[in-house]
Amino acid sequence: MIMKTGEHWHCTNPACHCEVLVQSNSEIEGNNPRCVCGAPMKKNTPPLLTYLEFLKVEDPVPAREVSRKG
C-alpha cells in the first residue's frame, strides 16, 4: 500500500488506539503498515452515507405566524 502525504492511519487493535499522520509519500508498494503493537493499520476514510441520503432536508418549511387577539 502506497502511503500519501496527509493521510491518517489508525491501528486495528481496539486496545491500542494509535493514529498516524503521514508526513511524506512512500514510493514502495507493499502491505499495509504495522503499528508498534504489531497490529495492521488501516487508512481512515470518510463514511459513505448513500443509504441515509433520503434523510436530507433541503429547505425547512417556514412556520406559520399565528396571531393571538385577546
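This is a predicted model: local features need pLDDT of at least 70, side-chain atom pairs count only at pLDDT 80 or more; totals for chains, interfaces and linings use all residues.

Student: OK, what secondary structure does the chain have?

Tutor: The chain has zero helices and three strands, where helices (H or I, at least four residues) and strands (E, at least two) are DSSP runs numbered from the N terminus. Read from the N terminus, the order of elements is β-β-β.

Student: And how much of the chain counts as buried?

Tutor: Of the 70 residues, 13% count as buried, with buried meaning under 20% relative accessible area, exposed over 50% and partly exposed in between (1.4 Å probe, protein chains only). The chain exposes about 6700 Å², of which carbon and sulfur atoms supply 56%; such areas come from the Shrake-Rupley method with a 1.4 Å probe, and for residues only the protein chains shown count as cover.

Student: Which residues make up the largest nonpolar core?

Tutor: That core has seven residues, namely Met3, Trp9, Cys11, Val22, Cys35, Ala39 and Met41. A nonpolar core here is a set of buried Ala, Val, Leu, Ile, Met, Phe, Trp, Tyr and Cys residues joined through side-chain atoms within 4.5 Å. In soluble globular proteins, nonpolar side chains tend to be buried together.

Student: What does Val22 touch?

Tutor: Not counting residues up to four places away in sequence, Val22 touches Met3, Lys4, Thr5, Gly6, Glu7 and Trp9, a contact being heavy atoms within 4.5 Å.

Student: Switching to the cysteines, how many disulfides does the structure hold?

Tutor: The structure holds zero disulfides, a disulfide being a pair of cysteine sulfur atoms within 2.5 Å. For Cys16, the closest cysteine sulfur is that of Cys35 at 3.7 Å, which is too far for a bond.

Student: Is Glu7 buried or exposed?

Tutor: Glu7 counts as buried, with a relative accessibility of 13%, while Lys43 is partly exposed, with a relative accessible area of 34%.

Student: What else does Glu7 contact?

Tutor: Leaving aside neighbours within four places in sequence, Glu7 is in contact with Ile2, Val20, Leu21, Val22 and Lys43. The side chain of Glu7 also makes a polar contact with the side chain of Trp9, at 3.2 Å. A polar contact is a pair of N or O atoms within 3.5 Å; within protein, one must be able to donate a hydrogen and the other to accept it, and residues adjacent in sequence count only if both atoms are side-chain atoms.

Student: Leu21 came up there, so where is Leu21 found?

Tutor: Leu21 is found in strand 2 (residues 19-21), and at 42% relative accessibility Leu21 counts as partly exposed. Leu21 touches Gly6, Glu7 and His8, not counting residues up to four places away in sequence. Leu21 and Trp9 are 12 residues apart in sequence and 6.5 Å apart in space, C-alpha to C-alpha.

Student: And Glu19, what is that in contact with?

Tutor: Glu19, which is also found in strand 2, is in contact with Trp9 and His10, leaving aside neighbours within four places in sequence. Glu19 is exposed, with a relative accessible area of 57%.

Student: Last one, what is the phi of His17?

Tutor: His17 has a positive phi of about 65 degrees, although it is not a glycine. Most residues other than glycine have a negative phi. His17 lies in the loop between strand 1 and strand 2, and at 65% relative accessibility His17 counts as exposed.

Conventions. Residues are numbered from 1 along each chain as its sequence is written. Side-chain values use heavy atoms; hydrogens and water are left out.
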